Amino acid sequence: MLFKQLAKIQMKDGRLEHYLEAVFPRSDAQKKKGERPLRWEFLREILETEANLQLPGVRGTLWGAYNAITWFEDYKQPQQEEQPDRRLERTWFGGGADTKLKALTKAAELASSWN
């Protein structure tokens, strides 16, 4: 039910920026300078280029934006060489899992106010 609701919400009028700010808040310095985190740019690129996110009902929706975050967390390149079991640990139970849960929680909160 929640996922269907997310798929109905179009990311217009700055909603993507609002969602990204909720999940990955800018630092005070970034806000002061009007800068966006590099991660936001990576996510925007994934959202605009990843084939699965271009499908009807996904493209341009909050569902697509949430999936861009999960894709990024699951497939991003680690800072150092990472063994497959460590990657699985990070994406299922570690920081990646925490980020994906936060992204879903924030999407649900925003969906309620945007509906």
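Lys102 is a residue of helix H7, where a helix is a DSSP run of H or I with at least four residues, a strand is a run of E with at least two, and both are numbered from the N terminus. This is a predicted model, in which local features need pLDDT of at least 70 and side-chain atom pairs count only at pLDDT 80 or more, while totals for chains, interfaces and linings use all residues. Residues are numbered from 1 along each chain as its sequence is written, and side-chain values use heavy atoms, with hydrogens and water left out.

Lys102 is partly exposed, with a relative accessible area of 34%; buried stands for under 20% relative accessible area, exposed for over 50%, and partly exposed for values in between, using a 1.4 Å probe and protein chains only. Along the sequence, Lys102 and Val23 are 79 residues apart, yet their C-alpha atoms lie 6.5 Å from each other in space. With neighbours within four places in sequence set aside, Lys102 is in contact with Ala22, Val23 and Pro25, contact being heavy atoms within 4.5 Å.

The protein chain has seven helices and zero strands, giving the pattern α-α-α-α-α-α-α when read along the sequence. Of its 115 residues, 36% count as buried. Among the contacts in the chain with a separation of 6 or more, 62% come from residues 24 or more positions apart.

How confident is the prediction, and which helices have the lowest and the highest mean pLDDT? The mean pLDDT of the chain is 88, and 90% of its residues reach 70 or more; pLDDT is the predictor's confidence in each residue, from 0 to 100. Where pLDDT is low, the predicted coordinates should not be read in detail.

Helix H7 covers residues 95–114, and its 20 residues reach 28 Å from the first C-alpha to the last, close to the 28 Å expected at 1.5 Å a residue. The expected span is 1.5 Å times one less than the number of residues. In H7, the buried residues are Gly96, Ala97, Thr99, Lys100, Ala103, Ala107, Leu110, Ala111 and Trp114. They cover an arc of only 160° around the axis, so they sit on the same side of H7; the arc is that of the directions from the helix axis to the C-beta atoms. The other side of H7 carries the exposed residues Asp98, Leu101, Ser112 and Ser113.

One of the buried residues of H7 is Thr99, whose relative accessible area is 17%. Not counting residues up to four places away in sequence, Thr99 touches Phe24, Ile69 and Glu73.

Next comes the pairing of H7 with H5. The axes of H5 and H7 come within 9 Å and cross at roughly 170°; axes are lines fitted to C-alpha atoms, for helices over the stretch in contact, with angles from 0 to 180 degrees between N-to-C directions. That makes H5 roughly antiparallel to H7, since angles over 145 degrees count as roughly antiparallel, under 35 as roughly parallel, 65 to 115 as roughly perpendicular and the rest as oblique. On the H5 side, the contact is made by Leu62, Tyr66, Ile69, Thr70, Glu73 and Asp74. H7 contributes Gly96, Thr99, Lys100, Ala103, Leu104, Ala107, Ala111 and Trp114.

Trp63 also lies in H5. Its C-alpha atom is separated by 9.4 Å from that of Leu104, 41 residues apart along the chain. Leaving aside neighbours within four places in sequence, Trp63 is in contact with Phe3, Leu6, Ala7, Gly57 and Val58.

Helix H4 (residues 38–49) is another example. At 1.5 Å a residue, its twelve residues should span 16 Å, and its end C-alpha atoms are 17 Å apart, which agrees. Trp40, Leu43, Ile46 and Leu47 are buried in H4. They cover an arc of only 125° around the axis, which puts them on the same side of H4. Leu38, Glu48 and Thr49 are exposed on the face turned away from that buried side. What do the buried residues of H4 pack against? Their partners are H2 and helix H5 (62–75).
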